[in-house]
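Here are my notes on the model, point by point. Please read them with the structure open.

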Amino acid sequence: MASGKMVREVEIKSDGDVFHEIFRYKPHHISTMSPGNIQGVDLHEGDWGTVGSIIFWNYTHDGKKKTAKDIIEAIDEEKKLVRFKIVEGDLMQLYKTFIITVYVDTKLGGNNLVTWTFEYEKLSGDVEEPNSLMDFCIVLTKDIEAHHLK
C-alpha cells in the first residue's frame, strides 16, 4: 500500500521549551488551550512524559468527534522531540500505521519553529493524504501559542 510522509513547519513566538513540555508532560492541558479541537487527553498506561506510555485523545476533526490511542515511541530532550505512534482510533480505519512527530527548534533570540511530521501507510489507495489533519495540528499549535502569549 501507499506510504507517505508529510512535514509542515510553523513559527511560534511563545516559548519553545514550554511548547515541548506540553506535548511531553502535559498533553492533558491542551484541552483547556484548544477546547474546540481537543476535548480530553487521558493517560491509560505508564507516566506522563515517558517512552512507552499510552495516551488516549478525544478530539474534533472536520466537525466530527474522534478518538486516538497512541504510544509515546520516542522522546529527545535535546531536540525537543516527541514521537507518537497511533495504535487505535479513527485513523486506524484509514491507515495501517500512523506516526506523528512534533519537535521544536528554539532559535536564539528569535521565534521558535515547530515541525510536525506524519509518517503513514494507507490501508487503500482511496485514502486521502492527511492534509486536513496536518491543518488541525497547525491550528492546535497556534492555539497553544496564543494561550501562552496572553
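1. Helix H3 (131-149) gives the largest share of the lining of the largest pocket, three residues. Helices (H or I, at least four residues) and strands (E, at least two) are DSSP runs, numbered from the N terminus. A pocket is an open set of points on a 1 Å grid over the protein atoms alone, where a 1.4 Å probe fits, with protein on both sides within 12 Å along at least five of seven lines. Lining residues have an atom within 4 Å of a point.

2. A word on the source. This is a predicted model, in which local features need pLDDT of at least 70 and side-chain atom pairs count only at pLDDT 80 or more, while totals for chains, interfaces and linings use all residues. Residues are numbered from 1 along each chain as its sequence is written, and side-chain values use heavy atoms, with hydrogens and water left out.

3. Back to the largest pocket. About 260 Å³ of space lies in it. A volume is the space filled by probe spheres set on the grid points, which are joined across faces, edges and corners. The lining has 16 residues, and His 61, Lys 66, Leu 94, Tyr 95 and Ser 132 lie nearest the centre. E3, E4 and H3 are the elements that give two or more residues to this lining. By class, it has seven nonpolar, three polar and six charged residues. Here Ala, Val, Leu, Ile, Met, Phe, Trp, Tyr, Cys and Pro count as nonpolar, Asp, Glu, Lys and Arg as charged, and the others, Gly among them, as polar.

4. How many cavities of 30 Å³ or more does a search of the whole structure find? The search finds one. A cavity is a set of grid points where the 1.4 Å probe fits but cannot get out. The volume of the largest cavity is about 210 Å³. It is lined by 15 residues; Trp 57, Asp 70, Ile 100, Phe 136 and Cys 137 lie nearest its centre. Strands E3 (54-61), E4 (64-76) and E5 (81-89) and helix H3 each give two or more residues to that lining. H3 gives the most, with four. The class count is 14 nonpolar, no polar and one charged.

5. Now the sheet. Seven strands form an open sheet, in the order E1-E7-E6-E5-E4-E3-E2, with antiparallel pairing. Two strands pair if DSSP finds at least two bridges between them. E1 (3-12) and E2 (38-45) are the edge strands, each pairing on one side only. From one strand to the next, the twist averages 25°. Axes are lines fitted to C-alpha atoms, for helices over the stretch in contact, and angles run from 0 to 180 degrees between N-to-C directions.

6. Several pairs can be checked by eye. E6 (residues 95-106) and E7 (residues 112-122) share eleven antiparallel bridges. Ile 99 has Glu 119 in E7 as its bridge partner. E5 and E6 pair over five bridges, and five residues join them in a hairpin.

7. Is E3 largely enclosed or open? Six of its eight residues are buried, so E3 is largely enclosed by the rest of the structure. Buried means under 20% relative accessible area, exposed over 50%, partly exposed in between (1.4 Å probe, protein chains only). E3 runs antiparallel to E2, joined by six bridges, and antiparallel to E4, joined by eight. The E3-E4 hairpin has two residues between the strands; Asp 62 in the turn has a positive phi of about 55°.

8. Two helices lie across the strands. H1 (residues 16-25) lies across E1, E3, E4, E5, E6 and E7, at about 150° to E6. H3 lies across E1, E2, E3, E6 and E7, at about 25° to E1.

9. Ser 31, in helix H2 (residues 30-33), is buried, with a relative accessible area of 17%. Asp 126, in the loop between E7 and H3, is exposed at 71%. The C-alpha atoms of Asp 126 and Tyr 25 are separated by 36 Å.

Notes: Contact = heavy atoms within 4.5 Å.
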